[in-house]
Amino acid sequence: MTLLEILDTAVKVGLGALITACSAYWIAKANALSNRKADRQKRHHDLLEQSAEQIESFSHAMLRYWALITEQVRNREKALDLAPHRRQELDRTKAELFNSFSELTSAESKLLLLGHKECQSHLRSFGDCSREIRRRAYDGNQELSTDDMESLRDNFLQERASLFDALATAYKTDA
């Protein structure tokens with residue numbers, strides 16, 4: 001073997017090794033970037049799901065409150081009192097509802113953190129609707145009727161549907 005042949009073989013082997021090393025580096029870099037993007041997207045979806053769960057937990061408390069106040073209004077219209085155990089349940093539900101407003105605040109902060117201002121706007125409107133129900137539909141309001149209660153519930157459910165439509169759009173957009 002001549003020096004030229006040895007040098008030719010060394011260059012070929014060296015170039016092959018260099019190409020392999022560069023390829024391995026670029027593939028590893030692309031995989032790491034892809035993994036970071038997938039992790040970030042999963043975390044994003046997890047936060048959206050947590051927000052939806054918090055909103056639904058609040059919705060459950062609000063609808064329980066609505067049902068108990070509606071029961072009280074119906075009883076009042078029939079000149080009946082709310083049963084003592086139902087009165088206790090109403091008192092517990094009022095406390096639960098008051099405490100669950102923090103769930104809405106937490107969900108709102110997540111939506112703002114994620115940059116979903118439209119969803120946050122819908123959540124704000126949903127919260128305002130909920131506060132209106134709480135202001136108008138209280139157990140001492142003698143002017144409240146079952147029609148009023150149905151109207152408040154319908155508005156609440158429309159706001160809830162609008163909010164979840166916005167959340168679903170955000171969830172799909174980030175998929």
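Mentor: The model is predicted, so local features need pLDDT of at least 70 and side-chain atom pairs pLDDT 80 or more, whereas totals for chains, interfaces and linings use all residues. Residues are numbered from 1 along each chain as its sequence is written, and side-chain values use heavy atoms, without hydrogens or water.

The volume of the largest pocket is about 170 Å³, taken as the space filled by probe spheres set on the points. Its lining comprises five nonpolar, four polar and four charged residues; Asp, Glu, Lys and Arg count as charged, and Gly as polar. Helix α1, residues 3-77, contributes the most to this lining, with four residues (helices are DSSP runs of H or I, at least four residues).

Helix α1 also packs against other helices. Its axis and that of α2 come within 8 Å and cross at roughly 155°, with axes fitted to C-alpha atoms over the stretch in contact and angles running from 0 to 180 degrees. Helix α1 is therefore roughly antiparallel to α2, a term for angles over 145 degrees. This crossing is left-handed, meaning that the near helix is turned anticlockwise from the far one by less than a right angle. The contact of α1 with α2 is made up of 16 nonpolar, eight polar and nine charged residues.

Towards α4 (residues 146-173), the axis of α1 comes within 10 Å and the crossing angle is roughly 175°, which makes these two helices roughly antiparallel. Their contact holds 17 nonpolar, four polar and seven charged residues.

Helix α2 (residues 84-114) in turn meets α3 (residues 117-136), their axes coming within 9 Å and crossing at roughly 165°. These two are therefore roughly antiparallel to each other, and α2 passes α3 in a left-handed crossing. On the α2 side the contact (heavy atoms within 4.5 Å) includes K94, L97, F101 and L104, while the α3 side includes C119, L123, F126 and R134. By class, the residues of this contact are nine nonpolar, three polar and five charged.

Technical notes
1 Å grid on protein atoms, 1.4 Å probe; cavity = no way out; pocket = protein on both sides within 12 Å on 5 of 7 lines; lining within 4 Å. Parallel < 35°, antiparallel > 145°, perpendicular 65-115°, else oblique.
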